[in-house]
Amino acid sequence: MNRNAEGIAAERVSATFLQSHGLKLLETNYRCRFGEIDLVMRDGNATVFVEVRLRSNADFGGAGMSITPHKQQKLVRAAEHYLLSHSSTSCRFDAVLMDKVSTQHIEWIRNAFDA
């Protein structure tokens, strides 16, 4: 499986996993001029912006370390753009980290970083 196909599969598995935990999928791969958000979900009244990271090799810190401050800033700006046209009382940024495309290999971090 090539990297792009693995990424798409990781996003699908992540969406299914989060839905099984009560979140509602609103949008996949939201794109704007500021960047892309892998999954936009709803958890109660909160809009949840989810970054999915698949890293099979932890030599450079693994999946979690790949969400750099620069990447976080891009996610925040894309989320702000999304919220301009969608009403929400609150939002948060979650991360789904995987070392294999499998629900047994998911680490879900709620409130992974602040806006």
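## Helix H3 and the strands

The buried residues of H3 pack against strand S1 (24–32), strand S2 (35–43), strand S3 (46–54), strand S4 (90–98) and strand S5 (106–113). Contact means heavy atoms within 4.5 Å. Helices (H or I, at least four residues) and strands (E, at least two) are DSSP runs, numbered from the N terminus. In H3, the buried residues are Lys71, Leu75, Val76, Ala78, Ala79 and Tyr82; buried means under 20% relative accessible area, exposed over 50%, and partly exposed in between (1.4 Å probe, protein chains only). An α-helix has 3.6 residues a turn, so residues three or four places apart point the same way.

H3 covers residues 69–84, and its end C-alpha atoms are 23 Å apart, which agrees with the 22 Å that its 16 residues should span at 1.5 Å a residue. The expected span is 1.5 Å times one less than the number of residues.

## About the model

This is a predicted model in which local features need pLDDT of at least 70 and side-chain atom pairs count only at pLDDT 80 or more, while totals for chains, interfaces and linings use all residues. Residues are numbered from 1 along each chain as its sequence is written, and side-chain values use heavy atoms, with hydrogens and water left out.

## Ser14 in helix H1

Ser14 belongs to helix H1 (residues 3–20) and counts as buried because its relative accessibility is 0%. Leaving out residues up to four places away in sequence, Ser14 touches Leu39, Val52, Val96, Met98 and Ile106. A polar atom of the Ser14 side chain lies 2.8 Å from the backbone oxygen of Ala10.

## Cysteines

Cys32 counts as buried at 16% relative accessibility, and Cys91 counts as partly exposed at 34%. Zero disulfides (pairs of cysteine sulfur atoms within 2.5 Å) are found in the whole structure.

Key: Polar contact = N/O pair within 3.5 Å; in protein donor to acceptor, adjacent residues only side chain to side chain.
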